[in-house]
Structures are given as structure tokens and as C-alpha cells.
Amino acid sequence: MERLGVLGGTFDPVHVAHLAAASAARYQLELDRVLVVVAGDPWQKRGRVCAPAEARFEMVEAAIDGVVGLEASRLEIDRTGPTYTIDTVEALRREDPPVELFLIVGSDVAASVDTWHRAGALRAAVTLAVVDREDVAASAPPPRWRSVGVRMPRLDVSSTELRRRVAAGESIDFLVPPPAARVLRARGLYTGG
């Protein structure tokens with residue numbers, strides 16, 4: 001059975017910490033591949049996503065082009081309506097042959113997964129791969145969830161800060177993978193103009 005990781009997010013913009021988490025999970029959990037799933041209409045961030053879904057997908061696709069085992073996914077963009085992780089997981093579970101799913105989340109997100117849409121169904125369908133930084137004690141997994149830990153170096157990078165830097169005309173070099181930064185610049189994203 002294929003071991004499939006799922007790292008979802010708005011990726012507004014994608015940055016090196018997102019990709020480091022995906023890569024760490026792939027290697028530490030011996031995943032066959034990791035889907036980097038770009039949210040189309042994320043229900044928890046309604047009205048706060050800056051770049052259009054197609055632009056965010058283009059950045060992710062550029063960022064991971066040629067990286068073995070990481071794949072950009074349009075599953076949530078191509079589905080209409082609000083984006084819920086359980087819908088993506090159920091679509092992946094219908095694949096043939098079957099897959100074993102690992103939902104990759106940061107320790108901050110893991111603490112709130114019980115509030116997600118249809119959390120009970122999600123809990124039954126996936127193993128949480130909880131990403132913690134190597135410089136802090138590992139987080140306790142949420143109760144009743146199957147979970148495994150993933151460790152990665154501390155990378156204090158946030159999409160919010162990157163958008164601010166772009167708007168201020170500051171450098172984002174090496175914080176956003178160069179191919180994704182080229183897409184960002186070519187589309188004039190986050191400049192406020």
C-alpha cells in the first residue's frame with residue numbers, strides 16, 4: 001500500500017519552511033510521496049487569502065518542480081465551494097490502489113484539528129504527522145488521533161511576514177524558493193498596487 005503524505009495550505013506564498021516540513025515528513029516517515037495541496041477556498045481563512053488560487057498553485061508547482069517525491073496538487077482548487085480537508089482525504093481514499101494517508105500539520109495546527117469540519121471522520125481516515133522544531137520539546141498529539149512525530153530545524157518564516165516584505169519592497173531571497181519568487185514577481189503579487 002502506498003504511503004501518501006498530504007500537506008495542505010493556502011501557501012500565500014509558499015516558503016522554505018513549508019517545503020522543509022514536506023521533505024522532513026517524506027524522509028522520516030518513509031512516505032512514497034507527499035502531495036502539496038493548495039487550498040481553493042479555505043473555510044478558516046475566508047476573506048484573508050491574498051493571491052488567487054491559480055497563482056498560489058503556480059508558485060507551489062514552480063517551487064517543487066524536479067523535487068523527487070513532492071507533487072503539487074489541484075484537488076482543492078478544482079473542487080467548488082469551501083475547502084475542507086476531509087473532502088480531500090475522502091477523494092484520496094477512493095484511489096485505486098488504496099493509500100495509507102498521513103496528514104502533515106504543524107504542532108500549532110495539530111492542537112486545533114478537533115475543531116475542523118467533520119473532525120471525527122478525518123480522525124478515522126488519517127494518521128497525523130505532527131511537525132515539531134528540533135529546538136523545542138515535542139508536542140503532545142491531540143487525544144484520540146493516531147499520530148507520529150516529524151522533527152525539523154527551526155525556520156521562523158511566515159507567509160504573513162513575506163507578504164509584508166514584498167509590499168515594503170524588501171528582499172525575500174532564499175525565504176521563498178527562487179522559481180516561486182519568479183512567479184510571485186511576474187504576477188505582481190503582494191505589492192499592494
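## Some ground rules

Contact, or touching, means that heavy atoms lie within 4.5 Å. This is a predicted model, in which local features need pLDDT of at least 70 and side-chain atom pairs count only at pLDDT 80 or more, while totals for chains, interfaces and linings use all residues. Residues are numbered from 1 along each chain as its sequence is written, and side-chain values use heavy atoms, with hydrogens and water left out.

## The nonpolar cores

A nonpolar core is a set of buried Ala, Val, Leu, Ile, Met, Phe, Trp, Tyr and Cys residues joined through side-chain atoms within 4.5 Å. Buried means under 20% relative accessible area, exposed means over 50%, and partly exposed is in between (1.4 Å probe, protein chains only). In soluble globular proteins, nonpolar side chains tend to be buried together. Helices (H or I, at least four residues) and strands (E, at least two) are DSSP runs, numbered from the N terminus.

Which residues have the most contacts inside the largest nonpolar core? They are Val14, Met59 and Ile104, in a core of 42 residues. Among the elements that each supply at least two residues of this core are helix 1 (16-28), strand 2 (33-38), strand 4 (99-106) and helix 7 (178-187). Helix 2 gives the largest share, eight residues. A second, separate core has 22 residues, including Tyr84, Leu103, Val113 and Leu128.

## Strands side by side

Two strands pair if DSSP finds at least two bridges between them. Strand 1 (residues 2-9) is parallel to strand 4, with five bridges, and Gly5 stands opposite Phe102 in strand 4. Strand 1 also runs parallel to strand 2, joined by six bridges. Here Val6 stands opposite Leu35, and Leu7 has Val36 as its bridge partner. Strand 2 in turn is joined to strand 3 (residues 70-73) by four bridges, again running parallel; Val37 is partnered there with Ser73.

Strand 1, helix 1 and strand 2 make a right-handed β-α-β unit. A crossover is right-handed if, with the strands pointing away from the viewer, the path from the first strand over the helix to the second runs clockwise.

## A closer look at strand 2

Is strand 2 largely enclosed or open? Six of its six residues are buried, so strand 2 is largely enclosed by the rest of the structure. In a regular strand the side chains alternate between the two faces of the sheet. In strand 2, Arg33, Leu35 and Val37 point one way, while Val34, Val36 and Val38 point the other way, and all are buried.

## The loops

Between strand 1 and helix 1 is a loop that holds His15. His15 counts as buried because its relative accessibility is 5%. Leaving aside neighbours within four places in sequence, the contacts of His15 include Val157, Leu162 and Pro177.

The loop between helix 1 and strand 2 contains Leu29 and Glu30. Is Leu29 buried or exposed? Leu29 counts as buried because its relative accessibility is 9%. Among the residues that Leu29 touches, not counting those up to four places away in sequence, are Arg3, Phe102 and Val150. Glu30, at 63% relative accessibility, counts as exposed, and its phi is near 55°, a positive value in a residue other than glycine. Arg118, in the loop between helix 4 (107-110) and helix 5 (119-125), also has a positive phi, near 50°. Arg118 counts as partly exposed because its relative accessibility is 38%.

## Charges over rings

A charge sits over a ring if NZ of Lys or CZ of Arg is within 6 Å of the ring centre and within 35 degrees of the ring normal. The charged end of Arg26 sits over the ring of Tyr27, 5.1 Å from the ring centre. Likewise, the charged end of Arg74 sits over the ring of Phe57, 5.1 Å from that ring's centre.
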